[in-house]
Amino acid sequence: MCGLAGIFDPAHSQVAARLEGLTRAMAEQLVHRGPDDAGVWHDAAAGVALGFRRLAIIDLSPAGHQPMASASGRYVIAFNGEIYNFTELRRMLADGGNGNWRGHSDTEVLLALIERDGVERALALVDGMFAFALWDCAEQRLTLARDRFGEKPLYYGWHAGVFAFASELKSFAALPQWPPRLDPGACAAYLRHGWLPGQQSIFAGISRLGPGQFAIIEAGRRQPRITTYWSAPERAAAVAGRFSGNEDDAATELERLLRLSVDRRMISDVPLGAFLSGGTDSSIVAALMCASGRSVRTFTISFPDWANDEAPYAAEVARHLGAEHSAIPMTERDCLDLVPGLATMYDEPFADASQIPTALLCRATRPHVTVALSGDGGDELFGGYPRYYGAERAWHRVARKPAWVRGIAAFVADGMTGQDWPPLRRIRRKLEPYAAGAPELLYRDALSWWTAGDGLLPDNASAAEPWQAAARPLAGLPSLAQRFMAMDAALYLPDDLETKIDRASMAVSLEVRAPLLQPTLAEFAWSLPMAMKYQAGRGKHLLRQVLYRHVPQALIDRPKQGFDPPLRDWLRGPLRDWADDLIASDDLSCGGLFDPRPVRNRWVEHRSGRRNWAFPLWVILMLRSWYGKTCVTP
């Protein structure tokens with residue numbers, strides 16, 4: 001796990017003379033992602049440079065140093081991540097006559113595979129989480145690529161006359177004339193969700209490479225040629241309904257795929273453990289790690305004063321599995337001390353409040369291990385969120401109404417935009433589903449803390465595009481809940497959950513691996529009928545059936561709990577002065593990005609105890625905190 005950065009300057013602009021120095025400066029912004037080693041490779045004649053910071057996980061020797069050249073010298077790569085099936089690929093390559101290995105890193109295997117098959121065919125063969133930059137010395141061409149579920153980030157764009165790319169936006173601060181203007185569509189999307197769905201970054205002109213994509217950049221072409229080699233919605237639509245066996249058959253196949261994925265993700269040359277909350281997803285990962293026969297360490301953090309403290313459940317599961325378990329106690333002060341640094345950690349505005357305990361968990365785990373396995377992906381693949389079924393029922397209620405009734409309701413809701421008197425606000429909320437116009441946009445509203453009707457900002461049309469694009473291949477699926485799950489795999493999973501864990505873990509140089517996010521396993525989950533995922537009002541049915549083979553049902557079955565901190569009370573107590581200062585500031589709107597009046601109205605209601613607006617307010621507070629630290633020009 002590492003950080004990469006680089007520059008492509010085919011026009012040999014004013015920065016060409018210091019190409020290597022700029023790239024090194026960009027990479028140095030990522031030392032937290034890779035504290036073990038650093039490297040820069042450049043070709044001044046081609047106007048290209050790759051920079052790297054390494055967190056050594058596989059092959060700790062100098063043979064794993066990056067940027068790394070292929071055996072022939074044609075390709076040079078800066079690779080962030082892991083190829084989990086690299087040992088199988090290495091054997092396959094060796095059987096084909098490639099036996100001249102310099103070390104045993106997965107990066108060297110990937111380069112050999114690309115030399116043999118080319119980038120696109122190589123990407124089809126790898127199982128991994130990664131982002132990489134590859135320079136083709138023969139074709140004078142740069143390729144950027146990202147893993148299927150977007151576990152590892154990669155930003156790119158033209159700035160100050162050069163094409164720049166990096167694992168995090170903070171690397172771009174090393175370039176002249178940074179930062180650029182904010183992107184209005186991205187700001188609108190952020191204010192809705194508290195995270196950025198899709199490929200636009202918060203800055204105009206800087207994009208994020210999408211999950212399952214690679215981009216080719218060549219001299220003479222300003223726009224990268226982007227290819228999607230794998231798409232969660234397209235694959236979900238392609239395999240839907242394919243499984244024809246019974247539930248026992250499905251459970252057996254699911255356990256086989258899970259064991260294979262866990263075993264691959266336990267390969268490491270450094271200490272390895274697992275996060276364990278005691279819930280279904282983390283427990284099944286820990287159970288299959290223990291079933292491998294290896295000694296397993298598990299970690300959780302304990303909040304004795306929180307009503308949703310899961311530490312006791314995690315301890316019981318670990319005891320049953322025979323894992324060496326650590327429950328690290330945390331205090332309210334530990335949480336509050338993190339808040340001022342969140343803007344720097346996340347680089348862009350980000351307001352999933354579970355970012356706080358996630359960052360603490362990573363920080364507490366890192367002194368003991370360098371790699372941790374997590375249960376991310378279980379809810380999205382196996383239907384664990386109640387919102388899938390609630391949004392499906394809501395759309396069916398809307399769709400049953402005559403068109404003229406829906407039209408009137410939408411017209412009335414639109415006319416109440418910005419009305420913040422509580423009775424009118426409640427009426428508007430009930431009418432807003434009729435204005436959605438499509439099930440994917442109703443589902444988008446279910447994931448929104450602020451909507452156009454709140455009067456905060458105009459509903460920028462581009463903010464809907466990622467949801468419409470994700471929904472397009474899914475129109476043929478019979479169940480709306482299935483569609484919403486696949487949309488989450490394309491948007492919510494990479495852009496909220498994986499962003500959260502990547503930044504929180506990399507801030508302390510910890511690699512986190514997610515066995516449930518294995519492509520074959522995901523496609524198997526999408527092939528299952530909904531009855532195997534959702535039964536008796538609960539999701540993740542089949543996943544729990546596999547878990548019960550390893551952990552008694554009594555240790556697992558309890559109401560689903562989140563990982564959210566008590567924001568409501570914090571904003572009325574220890575964070576009140578901090579929030580007061582931000583909300584009272586003259587530039588609360590961050591240069592006119594939104595109308596501050598609804599925010600201030602809700603802050604008054606929240607502070608008085610009349611309403612709980614903690615999460616919508618957190619979205620604003622994280623934006624304003626980030627804006628103040630980044631000093632952007634709106």
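User: Which residue of β17 does Leu373 stand opposite?

Analyst: Leu373 stands opposite Arg513 in β17. Strands here are DSSP runs of E with at least two residues, and helices are runs of H or I with at least four, numbered from the N terminus. This is a predicted model, in which local features need pLDDT of at least 70, side-chain atom pairs count only at pLDDT 80 or more, and totals for chains, interfaces and linings use all residues. Residues are numbered from 1 along each chain as its sequence is written, and side-chain values use heavy atoms, with hydrogens and water left out.

User: How do you know that β16 and β17 pair?

Analyst: Two strands pair if DSSP finds at least two bridges between them. Three bridges join β16 (residues 371-373) to β17. The count meets the cut-off, so the strands are called paired. They run parallel.

User: What is the order of the strands in the open sheet with β16?

Analyst: The order is β15-β14-β13-β16-β17, with parallel pairing.

User: Why are β15 and β17 said to stand at the edges?

Analyst: Each has a single partner strand, so one side of each is left without a neighbour in the sheet. β15 covers 324-329 and β17 covers 511-513. From one strand to the next, the twist averages 30°. Angles run from 0 to 180 degrees between N-to-C directions, and axes are lines fitted to C-alpha atoms, for helices over the stretch in contact.

User: Which strands does helix α12 touch?

Analyst: Helix α12 (residues 355-365) packs on the sheet and touches β13, β14, β15 and β16. Its direction makes about 135° with that of β14. Contact means heavy atoms within 4.5 Å.

User: How many bridges does β13 share with β14?

Analyst: Two bridges, in the parallel sense. Pairing needs at least two, so β13 and β14 pass. Ala274 stands opposite Thr298 in β14. In β16, the bridge partner of Ala274 is Leu373.

User: What makes strand β1 largely enclosed?

Analyst: Buried means under 20% relative accessible area, exposed means over 50%, and partly exposed lies in between (1.4 Å probe, protein chains only). Seven of the seven residues of β1 (residues 2-8) are buried, so the strand is largely enclosed by the rest of the structure. Cys2, Leu4, Gly6 and Phe8 point one way, and Gly3, Ala5 and Ile7 point the other way.

User: Which strand do seven bridges join to β1?

Analyst: That is β3 (residues 48-54), and the two run antiparallel. In β3, Gly3 has Arg53 as its bridge partner. β1 also pairs with β9 (residues 162-166) over four bridges, in the antiparallel sense.

User: Why is Phe411 called exposed?

Analyst: Its relative accessible area is 66%. The cut-off for exposed is over 50%, so Phe411 qualifies. Phe411 is found in helix α15 (residues 403-415).

User: What makes Arg33 and Asp502 a salt bridge?

Analyst: A salt bridge is a side-chain nitrogen of Lys or Arg within 4 Å of a carboxyl oxygen of Asp or Glu. For Arg33 and Asp502, the N to O distance is 3.0 Å. That lies within the limit, so the pair counts. Arg33 sits in the loop between α1 and β2, and Asp502 in helix α20, 469 residues apart.

User: Are Arg33 and Asp502 buried or exposed?

Analyst: Arg33 has a relative accessible area of 0%, and Asp502 has 1%. Both values are under 20%, so both residues are buried.

User: What does the salt bridge between Asp445 and Arg192 tie together?

Analyst: The side chains meet at 2.9 Å, N to O. Asp445 lies in helix α17 and Arg192 in helix α5, so the pair ties together parts that are 253 residues apart in sequence.

User: Why does Asp445 count as partly exposed?

Analyst: Its relative accessibility is 23%. That falls between 20% and 50%, so the term is partly exposed. Arg192, at 5%, counts as buried.

User: How do you know that Pro439 is buried?

Analyst: Its relative accessible area is 12%, and buried means under 20%, so Pro439 is buried. Pro439 is in helix α17 (residues 439-446). Leaving aside neighbours within four places in sequence, Pro439 is in contact with Trp395, Leu480, Arg483 and Phe484.
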